Amino acid sequence: MKTDIQIAQEAVLEPIVNVAKTLQITEDELELYGKYKAKISDEYLRKISANPDGKLILVTAINPTPAGEGKTTVSVGLGQALSKLGKKTVTALREPSLGPCFGIKGGAAGGGYSQVLPMEDLNLHFTGDFHAITSANNLLAAILDNHIQQGNELGIDTRAVVWKRCLDMNDRVLRNVVVGLGAKTDGTVREDHFVITVASEIMAVLCLASDMKDLKERLGRMVVAYNYQGEPVTAAQLNAVGAMAALLKDAMKPNLVQTLEHTPVLVHGGPFANIAHGCNSVRATKAALKMADYVVTEAGFGADLGAEKFFDIKCTMAGLKPDAVVLVATIRALKYNGNVPKEKLSEENLDALKAGIANLEKHIENLHKYGVPVVVTLNSFVTDTLAEISFVKQFCEDKGCEFALAEVWAKGGEGGLMLAQKVLDTLEHKESHFKPIYDDTLSLKEKIETVAREIYGAKGVNYSTAAAKQLQKLEELGFGKLPVCMAKTQYSLSDDPALLGRPENFDINVREVYVSAGAGFVVVLTGAVMTMPGLPKKPAAYSIDVDENGMITGLF
């Protein structure tokens with residue numbers, strides 16, 4: 001059986017200018033990054049701004065497991081299948097992060113015969129967007145520390161600096177560092193921290209900004225520290241906005257690439273869903289809606305994280321109204337949630353499936369709370385048995401969901417035709433009545449507790465002493481009307497990664513809260529979730545290599 005990278009490297013790519021032509025984009029309206037990648041110009045985005053919007057389809061999943069769910073693979077395959085049915089379709093995805101690519105998760109270009117190409121470029125440097133975000137983040141950090149060194153005119157309390165440096169790599173030793181050691185001219189000694197680039201507020205700002213004016217306003221609102229009076233100090237007060245915007249100018253433009261079947265894909269922005277809001281950029285999604293009749297997009301990790309933030313943060317802020325949701329599961333992952341060890345997931349086990357399907361059940365219930373029609377799809381594996389598939393199909397239909405098997409890994413768009421037809425039927429016969437899960441007028445605590453209770457199934461929320469004080473301060477500073485961005489383990493509906501299936505009688509533990517005023521939400525850290533991941537004992541990086549002909553191996 002061929003690996004994903006072998007399939008990708010054997011593919012014959014279409015010049016990106018030809019892919020663009022299928023969307024009536026001329027070569028003059030592209031900014032080319034070689035033959036197979038391009039950014040879409042601002043001129044083109046302005047030209048299509050009056051076009052009617054297509055239908056918006058969100059792809060989400062059950063909680064991820066080591067068995068894999070294939071959410072991106074299904075997203076790509078569904079886009080290919082809709083195109084095969086003659087529908088003008090654009091898929092809008094996030095950019096992969098180098099951290100998990102070299103860590104344990106691997107890349108994020110799909111898999112098998114439902115991949116985005118060029119796969120190696122996409123998973124590595126791509127068009128440099130993440131490098132631009134990293135540079136802008138660290139420029140602000142440098143300006144902040146220089147301001148303190150040069151007299152500290154704003155009276156910044158060096159014990160209350162909240163802006164962190166960033167790096168797009170899993171590097172646990174950078175979580176907590178001391179800066180300014182050495183001579184007096186080397187700066188003020190203080191504790192500092194790093195986050196992974198996808199957790200940087202600038203990533204969120206770029207993904208939520210509608211244009212350059214909005215980007216600069218959001219950058220200016222970012223809180224970097226507090227002064228000795230406890231008042232927030234912003235990036236605008238440090239005079240850092242213009243230079244950051246210059247670094248982000250090109251990164252603001254959506255990237256156009258293609259699938260294995262040459263269907264168009266916009267790949268832009270990449271916040272993690274476990275520690276950020278987990279969706280591709282508003283600009284790319286809105287552009288796709290103007291370009292196509294059907295737009296397939298995805299949100300990171302399980303529906304308790306990515307879909308919740310897609311609905312309550314991205315859609316609410318951007319005025320988007322999703323028309324349908326595709327919920328991805330696998331027989332293997334459901335059995336894993338039924339406490340079957342990974343090495344035995346290939347064996348038929350209906351008892352474990354019946355136990356583990358409670359996880360799928362909770363995600364179906366959650367999505368129905370948003371008023372959007374749901375289609376459940378099983379990402380097919382050769383080890384799935386007819387009895388297992390029949391059980392899941394009946395379960396989903398009893399829950400009021402359409403059901404389809406997806407064989408897109410093995411067959412590409414052809415393997416997604418059943419799913420595509422179910423989605424089209426759902427769009428035609430079921431109306432979306434989208435509404436967020438909470439109202440902005442609720443207090444921050446009420447929003448946190450609504451998500452914990454309604455989406456996670458928690459019985460309550462425990463706040464650390466520090467978190468309680470932070471929430472009170474943010475309410476006093478006027479940030480209480482913002483939505484909450486919950487940072488939580490992706491592996492469980494709870495904040496404990498070991499609690500699989502559908503946990504009950506648990507509390508969510510909030511340890512820290514801070515405002516991302518530029519992005520426009522309040523981040524809530526729960527459990528032991530980290531904003532700078534570490535590498536595993538045997539990182540994926542060990543298997544990645546390049547030969548004397550420049551051929552990369554080991555990426556997945």
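Visitor: How do the residues of the lining of the largest cavity divide into nonpolar, polar and charged?
Guide: Six are nonpolar, three polar and two charged. Before we go on, the model is predicted: local features need pLDDT of at least 70, side-chain atom pairs count only at pLDDT 80 or more, and totals for chains, interfaces and linings use all residues. Residues are numbered from 1 along each chain as its sequence is written, and side-chain values use heavy atoms, with hydrogens and water left out.

Visitor: Which residues line the largest cavity?
Guide: Glu 95, Pro 96, Leu 98, Leu 122, Leu 124, His 125, Phe 126, Gly 128, Phe 130, His 131 and Asp 168. A lining residue has an atom within 4 Å of a grid point.

Visitor: What makes a space a cavity and not a pocket?
Guide: The way out. On a 1 Å grid over the protein atoms alone, a cavity is a set of points where a 1.4 Å probe fits but cannot get out. A pocket is an open set with protein on both sides within 12 Å along at least five of seven lines. The search of the whole structure finds one cavity of 30 Å³ or more. The largest cavity has a volume of about 80 Å³. A volume is the space filled by probe spheres set on the points, which are joined across faces, edges and corners.

Visitor: What is the volume of the second largest pocket?
Guide: About 910 Å³. It has 36 lining residues, and the closest to its centre are Val 162, Lys 164, Glu 512, Tyr 514 and Leu 525. Elements that give two or more residues to this lining include α8 (201-208), α19 (465-476) and β23 (521-526). The largest share, six residues, comes from β22. By class, the lining has 23 nonpolar, seven polar and six charged residues.

Visitor: Why is Val 76 called buried?
Guide: Its relative accessible area is 1%. Buried means under 20%, exposed over 50%, partly exposed in between, with a 1.4 Å probe and protein chains only. So Val 76 is buried. Val 76 is found in helix α4 (residues 71-84). Helices are DSSP runs of H or I, at least four residues, and strands are runs of E, at least two, numbered from the N terminus.

Visitor: How do you know what Val 76 is in contact with?
Guide: Contact means heavy atoms within 4.5 Å. Leaving aside neighbours within four places in sequence, Val 76 is in contact with Leu 93, Ser 114, Gln 115, Val 116 and Thr 259. Val 76 and Thr 259 are 183 residues apart in sequence, yet 7.1 Å apart in space, C-alpha to C-alpha.

Visitor: And why is Thr 426 called buried?
Guide: Its relative accessible area is 2%, so Thr 426 is buried. Thr 426 has its place in helix α17 (residues 417-429).

Key. Nonpolar A, V, L, I, M, F, W, Y, C, P; charged D, E, K, R; others polar.
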